[in-house]
Amino acid sequence: MNRSLLVWLSAGFACSWLGWAPVHAETDLIYSLNTTCSLGKGKAQPCQVEAVEVGEATEYRHRLGARTISYRILEDPTVRIEGRKAAGAPWTSVRNAWINFATNELCFNDRAFCVVNPTFLADVQAEAQGPAFEGRETVGLAFGEAGRVDIACFDNGCRRLLEAIGR
């Protein structure tokens, strides 16, 4: 997998918790999207996504009513994804993430948070050209403590991996 593909994949697999920060002058809005999000086993509900460049990171902010869930993707020194529980709280590494291209859904940290984001996934698929991604429906990533990708899986390999670890 090439580095830019890992950036896009990792970007799609970011989780995190609470923390909305308004867009400041030093941020650049990439896109805004009205879609649906879900928390845990809860029903999908309307949410608004803002993707913004903030310094060296790309932040994805999901507003569900009065609640906001944020995460960011960093590339330096390694590609990693972090989230935070509240504005001003420390960012923490994401444990795992899954993409379902058929439903345009991204899920993070064992489905603690999911979002339908066709805008982002279209970018992932455009970046992931070539035979390694042709016809793929599912992609999963597991991250180490420092946020680096430890394991990547595809389609049936993801199901087999979950079986192997007893989930």
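Predicted model: local features only at pLDDT ≥ 70, side-chain atom pairs only at ≥ 80, totals over all residues.

Visitor: How far apart are the sulfur atoms of Cys37 and Cys47?

Guide: To call something a disulfide, look for two cysteine sulfur atoms within 2.5 Å. Here the S to S distance between Cys37 and Cys47 is 2.0 Å.

Visitor: Is Cys37 buried or exposed, and what about Cys47?

Guide: The idea is to check the relative accessible area, where under 20% means buried. Cys37 has 1%, so Cys37 is buried. Cys47 is buried too, at 0%.

Visitor: How many disulfides does a search of the whole structure find?

Guide: Three. Another of them is formed by Cys107 and Cys114, whose sulfur atoms sit 2.1 Å apart. The torsion about their S-S bond is about 115°, so that disulfide is right-handed. Both Cys107 and Cys114 are buried.

Visitor: And which cysteine is joined to Cys153?

Guide: Cys158 is the partner, with an S to S distance of 2.2 Å. With a torsion of about 105° about the S-S bond, the Cys153 and Cys158 disulfide is right-handed. Cys153 counts as buried because its relative accessibility is 6%, and Cys158 is buried at 3%.

Visitor: Let's move on to the backbone. What should I look for there?

Guide: Most residues other than glycine have a negative phi, and most peptide bonds are trans. So you look for the exceptions. Pro77 is found in the loop between β4 (67–74) and β5 (80–84).

Visitor: Which phi does Asp110 have?

Guide: A positive one of about 55°, although Asp110 is not a glycine. Arg111 isn't a glycine either, and has a positive phi of about 65°. Asp110 lies in the loop between β8 (105–108) and β9 (113–116), and Arg111 is placed in the loop between β8 and β9 as well.

Visitor: How accessible are Asp110 and Arg111?

Guide: Between the buried cut-off of 20% and the exposed one of 50%, a residue is called partly exposed. Asp110 has 40% relative accessibility, so Asp110 falls in that class. Arg111 counts as partly exposed as well, at 44%.

Visitor: Which side chain reaches the backbone nitrogen of Asp110?

Guide: That's the side chain of Asn96, at 2.8 Å. Asn96 lies in strand β7 (residues 96–100). With a relative accessible area of 7%, Asn96 is buried.

Visitor: One last stop: where is Pro118, and what is Pro118 in contact with?

Guide: Pro118 is in helix α2 (residues 118–127). To read its contacts, set aside the neighbours within four places in sequence; Pro118 is then in contact with Leu33 and Asn104. Pro118 and Phe101 are 17 residues apart in sequence, and their C-alpha atoms are 8.5 Å apart in space. As for the surface, Pro118 counts as partly exposed because its relative accessibility is 35%.

How values were computed: Residues numbered from 1 in each chain as written. Heavy atoms only, no water. Helix = DSSP H or I, 4+ residues; strand = E, 2+ residues; numbered from the N terminus. Buried < 20%, exposed > 50% of the residue type's maximum accessible area, 1.4 Å probe, protein only. Polar contact = N/O pair within 3.5 Å; in protein donor to acceptor, adjacent residues only side chain to side chain. Contact = heavy atoms within 4.5 Å.
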